[in-house]
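Please look over the sequence and the model shown below. This report walks through parts of the fold one by one.

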Amino acid sequence: MDSLITASARALAAGDALGALKRVALRDDPPALALRGIAMAQLGEHPRARELLKRAARGFGAHEELARARCVVAEAEVALAMRDFAGSPRALAAAAATLEAHADNANALQAWLITARRLLLLGRLSEAAAALAKLDARGLPPSLRTVAELTAAELALRSLRVGEARMALARAQAAAERAQVPALMAEVTEARAALDRPAARRLTADGEQALRLDEVSALLASDALVVDACRRGLGAGDQWRPLARRPVLFSLARSLAEAWPGDVSREALIEFAFRTKRPDETHRARLRVEIGRLRALVKTLTTIEATERGFILKPFGSRDVAVLAPPIDGEQASLVALLSDGAAWSTSALALALGASQRTVQRALADLETDGRVRSIGRARAQRWLAPPLAGFTTILLLPASLPIG
């Protein structure tokens with residue numbers, strides 16, 4: 001490796017993308033193309049970075065499988081930044097195996113980190129945890145150690161293990177200070193700030209209260225009956241009843257919980273659950289059926305009693321009742337949360353992360369664009385979607401699979 005390539009690589013490791021480009025900008029040999037691609041990625045020019053890395057991979061000969069594997073890993077990280085999940089993870093796994101076989105442990109761990117971060121973005125928390133379990137962060141360069149700890153902290157936060165997240169962020173802060181890379185230090189600072197921002201609202205008949213992540217975790221671990229509008233279900237302690245696929249039952253449960261310890265009129269329940277202001281006998285009959293289904297589902301948690309004007313929750317023992325709502329409500333809350341990370345998402349990537357059809361996501365994006373809450377760039381297959389950051393609170397609880405299933 002010549003001196004210019006070495007100097008460029010060192011500049012990239014220190015986060016100096018422009019300094020790296022100055023040394024190799026006019027060269028077209030494979031090592032220079034790879035370094036140019038990484039530098040362009042650090043500058044945010046992801047399509048150009050991807051093109052350069054592909055050219056570099058093609059330029060390396062059959063006997064240079066280690067260099068090609070490094071290009072595959074770099075290209076996978078660019079794809080992650082572009083929120084492009086169309087590629088098969090098998091190529092990245094094969095590259096990681098090649099790197100491990102050649103004792104390039106740092107780049108092999110980088111490949112596993114990319115895999116874990118991709119799974120986190122898609123909301124596959126158990127798979128992400130399994131990928132992270134394969135990592136041995138001892139002896140890593142400080143910059144890579146920072147990324148590993150940030151990934152572990154995000155997994156802990158999205159599983160509401162706030163204590164573990166704080167410890168991982170403290171380790172990330174120490175590693176970032178050793179690395180002296182401004183971008184990494186800013187990322188750690190932003191992640192630590194999320195712990196002190198409001199993450200949800202507790203709704204009661206008297207009003208609402210903003211909760212931080214540690215307060216949300218404490219509420220969910222308590223004996224209170226919690227109707228959770230973040231993951232659409234209700235539970236108490238270690239008991240959990242998912243209602244994400246039964247929206248009418250969830251609407252009824254939320255209405256009853258918000259009014260507790262009072263009751264809710266039949267007309268109000270019909271309006272909220274069935275979206276109609278002019279109920280007739282068919283709606284009243286349907287309400288009786290749906291209340292019966294809800295009673296059967298929550299019989300180990302609470303009873304639902306009829307009153308003269310409607311229905312009322314009667315939780316067992318001295319349990320409190322709380323409604324946990326996200327900082328922003330609405331059917332598109334998770335979609336807005338994904339877009340607010342500052343990255344440009346494709347419709348297919350959003351559909352994959354949300355577990356919805358592309359057509360459903362397209363309709364939601366059209367509504368949000370009409371309201372001015374999102375904007376698009378590009379056309380056809382190159383179209384990407386962006387939203388302004390949601391300042392003032394954290395979006396952890398709005399992301400797919402953000403809370404553990406009890």
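Leaving aside residues up to four places away in sequence, Ala 81 touches His 46 and Ala 343. This comes from a predicted model. Ala 81 lies in helix α5. Is Ala 81 buried, partly exposed or exposed? Its relative accessibility is 30%, so Ala 81 counts as partly exposed. Thr 282 is 201 residues apart from Ala 81, and the C-alpha atoms of the two are separated by 51 Å.

**The chain as a whole**

Step back for the overall picture. The chain has 406 residues, and buried residues make up 47% of them. Its secondary structure comes to 18 helices and eleven strands. The C-alpha trace spans about 85 × 45 × 35 Å along its principal axes. Take the contacts in the chain with a separation of 6 or more: residues 24 or more positions apart account for 57% of them.

Two packed helices are described by the angle between their axes and the distance between the axes.

| Helix pair | Angle | Axis distance |
|---|---|---|
| α5 (residues 65–81) and α6 (residues 89–101) | about 135° | 9 Å |
| α7 (residues 105–121) and α9 (residues 142–158) | about 25° | 10 Å |
| α10 (residues 162–179) and α11 (residues 182–194) | about 160° | 9 Å |

Start with α5 and α6. They pack at an angle of about 135°. α5 and α6 are therefore oblique to each other. α5 passes α6 in a left-handed crossing. On the α5 side, the contact uses Glu 65, Leu 66, Ala 69, Arg 70, Val 72, Val 73 and Ala 76. They meet Ala 91, Leu 92, Ala 95, Thr 98 and Leu 99 of α6. Sorted by class, the residues of this contact are nine nonpolar, one polar and two charged.

Next come α7 and α9. Their angle is about 25°. Angles under 35 degrees count as roughly parallel, so α7 is roughly parallel to α9. The crossing of α7 past α9 is left-handed. From α7, the contact takes in Ala 106, Leu 109, Gln 110, Leu 113, Ala 116, Arg 117, Leu 120 and Leu 121. From α9 come Leu 144, Val 147, Ala 148, Thr 151, Glu 154, Leu 155 and Arg 158. In this contact of α7 with α9, ten residues are nonpolar, two are polar and three are charged.

The pair α10 and α11 has an angle of about 160°. Angles over 145 degrees count as roughly antiparallel, so α10 is roughly antiparallel to α11. Here too the crossing is left-handed. Leu 169, Ala 172, Gln 173, Ala 176 and Glu 177 of α10 make the contact with Leu 184, Met 185, Val 188, Ala 191 and Arg 192 of α11. The contact of α10 with α11 has seven nonpolar, one polar and two charged residues.

**A residue in α10**

Ala 165 lies in helix α10. Is Ala 165 buried or exposed? Its relative accessibility is 0%, so Ala 165 counts as buried. Which residues does Ala 165 touch, not counting those up to four places away in sequence? They are Ala 153, Ala 156 and Leu 157. Leu 287 is 122 residues apart from Ala 165 along the chain, and their C-alpha atoms are separated by 43 Å.

**Strands**

Strands of a sheet pair through backbone hydrogen bonds, either parallel or antiparallel. How many bridges join β6 to β8? Two bridges link β6 to β8 (residues 310–315). Ser 265 stands opposite Gly 310 in β8.

Another pair of strands is β4 and β5. Four bridges join β4 (residues 233–236) to β5 (residues 239–242), and the two run antiparallel. Gly 235 faces Trp 240 of β5 as its opposite residue. β4 and β5 form a hairpin with two residues between the strands. In this hairpin Gly 237 takes a positive phi near 60°.

Methods:
Residues are numbered from 1 along each chain as its sequence is written. This is a predicted model: local features need pLDDT of at least 70, side-chain atom pairs count only at pLDDT 80 or more; totals for chains, interfaces and linings use all residues. Side-chain values use heavy atoms; hydrogens and water are left out. Axes are lines fitted to C-alpha atoms, for helices over the stretch in contact, and angles run from 0 to 180 degrees between N-to-C directions. Angles under 35 degrees count as roughly parallel, over 145 as roughly antiparallel, 65 to 115 as roughly perpendicular and the rest as oblique. A crossing is left-handed if the near helix is turned anticlockwise from the far one by less than a right angle, and right-handed if clockwise. Contact means heavy atoms within 4.5 Å. Ala, Val, Leu, Ile, Met, Phe, Trp, Tyr, Cys and Pro count as nonpolar, Asp, Glu, Lys and Arg as charged, and the others, Gly among them, as polar. Two strands pair if DSSP finds at least two bridges between them. Buried means under 20% relative accessible area, exposed over 50%, partly exposed in between (1.4 Å probe, protein chains only).
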